[in-house]
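Dear colleague,

Please find the structure below, handed over for your own work.

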Amino acid sequence: MACEDAFGTHPVAICHEWNTITHLNDYEGRPEARPFTREEIQRSLDYADDQVERAVRAKRKGALAAYRDATLFKVIYGWGLRRTETSKLDVVDFGRNPKAPQFGRYGTLNVRYGKAKKGQPPRRRNVLSVMDWAVEAVADYVENVRPRFGCEDHPALWMTERGGRVKPAEINARFVAYRDALKLPKELTVHSARHAYVTHLTEDGVDRRFLQQQVGHENDSSTAIYTYVSDNFMNIMLHKALAPGLAPTSADKDR
């Protein structure tokens, strides 16, 4: 592959048959707040990976930036982050989680610039890693791609080719370019990936209280606003709720 020749590695896929469930595109909530569907997030991240391949094949300037951005979008979705939180990450913000040794030094993420209350400093939180593909992607970037920016003394996780830190506006500009190229709905924003993190993990059966801590919400009501599960998921839950009442009793069997 072109990426392997240029970087010694390749972009990491995020969804496979063994780590996803069926997710329909039906959505009834407010359009401006809705999350990505699984199909949309997969297409978006695949497209970001494709841009790396194209830049490498064409030997264009910008291959490093494309690889960085592909990983950055995976981190936003993989840890449920806000755009500003993501831009201010440092390499040292990742750490080990003794309860998840399989993730190595990427088992937890210290978010130092969480959304602040009015008149207060940014709120910090630790986000535990739960998606193995996201850990693989960021580990690959840190160890094999980021050093090529030539900024070993800079703390930032996301470097520009001029040696600075990537800004929130730059993240948004790249996101919009990719979204529009894919002709995805314009109501999808960077923040939609954070909504998708909560929604998809909810569908996968992750505890709501755990998710509340992960995304840094003080109230469960805030987390609930983020959650827009598919009709398919609702039908499955309805079936499970009704199953005990519909099961035949011993008296029924004797008739």
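The loop between α2 and α3 holds Lys59; helices (H or I, at least four residues) and strands (E, at least two) are DSSP runs, numbered from the N terminus. This is a predicted model, in which local features need pLDDT of at least 70 and side-chain atom pairs count only at pLDDT 80 or more, while totals for chains, interfaces and linings use all residues. Residues are numbered from 1 along each chain as its sequence is written, and side-chain values use heavy atoms, with hydrogens and water left out.

Although Lys59 is not a glycine, its phi is positive, at about 55°. Lys59 is exposed, with a relative accessible area of 78% (exposed means over 50%, with a 1.4 Å probe and protein chains only). Lys183, in the loop between α6 and α7, also is not a glycine and has a positive phi of about 60°. Its relative accessible area is 75%, so Lys183 is exposed.

Two cavities of 30 Å³ or more were found in a search of the whole structure. A cavity is a set of points, on a 1 Å grid over the protein atoms alone, where a 1.4 Å probe fits but cannot get out; lining residues have an atom within 4 Å of a point. The largest cavity has a volume of about 140 Å³, a volume being the space filled by probe spheres set on the points, which are joined across faces, edges and corners. Its lining comprises 14 residues, with Phe36, Ser44, Leu45, Phe73 and Phe175 nearest the centre. Four lining residues come from α2, which gives the most.

Yours sincerely

Notes
On a 1 Å grid over the protein atoms alone, a cavity is a set of points where a 1.4 Å probe fits but cannot get out, and a pocket is an open set with protein on both sides within 12 Å along at least five of seven lines; lining residues have an atom within 4 Å of a point. Buried means under 20% relative accessible area, exposed over 50%, partly exposed in between (1.4 Å probe, protein chains only).
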